[in-house]
Amino acid sequence: MMSPLVFLLAAACGGLGAATRYLVDLGIARIAGTRFPWGVMVINITGSLALGIVIGSLPGAAFVLGTGFLGGYTTFSTAMIDTVALWRDGERRASALYAGGMLLAGLAAAALGLALGHAL
């Protein structure tokens, strides 16, 4: 059973993760200067890597860091909205590459994170 303190800590970390996502997305959007959602892609790939590391090296902290912080940081729902928006705007190739690329890169990043986490 989860204690109320652990639950509150995970919720607070979720808020920090969401704020971090916002700042990272803004920063990448300014650098990229394009309509393509590079920020969300970078966020989801780095979040997958980080979750693999957490699970591999700190399984006891998986709820607070994984579900809390990284759950707030990553945003696969926004990625799907971006995919549909690209498709709707006639950017069919970009839409398919975005969705497929993020899936493959996210899986690879999570696997790498698990390997790194187990090595730590």
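Author: Contact here means heavy atoms within 4.5 Å. The model is predicted.

Take Ala79 with that cut-off. Ala79 touches Val40, Asn44, Tyr98 and Met102, leaving aside residues up to four places away in sequence. Ala79 also belongs to the largest nonpolar core, together with Val40, Met41, Leu86, Tyr98 and Met102. That core has 6 residues. Helix H2 (38-57), helix H4 (76-88) and helix H5 (92-119) are the elements that give two or more residues to this core. In soluble globular proteins, nonpolar side chains tend to be buried together.

Now helix H3. This helix covers residues 62-73. A straight helix of 12 residues would span 16 Å at 1.5 Å a residue. Between its end C-alpha atoms, H3 spans only 14 Å. The buried residues of H3 are Ala62, Val64, Gly66, Gly68, Leu70, Gly72 and Tyr73. They pack against H1 and H2.

Ala10 gives a view from the H1 side. Ala10 lies in helix H1, residues 4-32. Its contacts are Phe63, Val64 and Gly68, again not counting residues up to four places away in sequence. Val64 and Gly68 are among the buried residues of H3. Ala10 is buried too, because its relative accessible area is 6% and the cut-off for buried is under 20%.

One distance to finish. Ala10 and Trp87 are 77 residues apart along the chain. Their C-alpha atoms are separated by 35 Å.

How values were computed:
Residues numbered from 1 in each chain as written. Predicted model: local features only at pLDDT ≥ 70, side-chain atom pairs only at ≥ 80, totals over all residues. Heavy atoms only, no water. Helix = DSSP H or I, 4+ residues; strand = E, 2+ residues; numbered from the N terminus. Buried < 20%, exposed > 50% of the residue type's maximum accessible area, 1.4 Å probe, protein only. Core = buried A, V, L, I, M, F, W, Y, C linked by side-chain atoms within 4.5 Å. Expected span 1.5 Å × (residues − 1).
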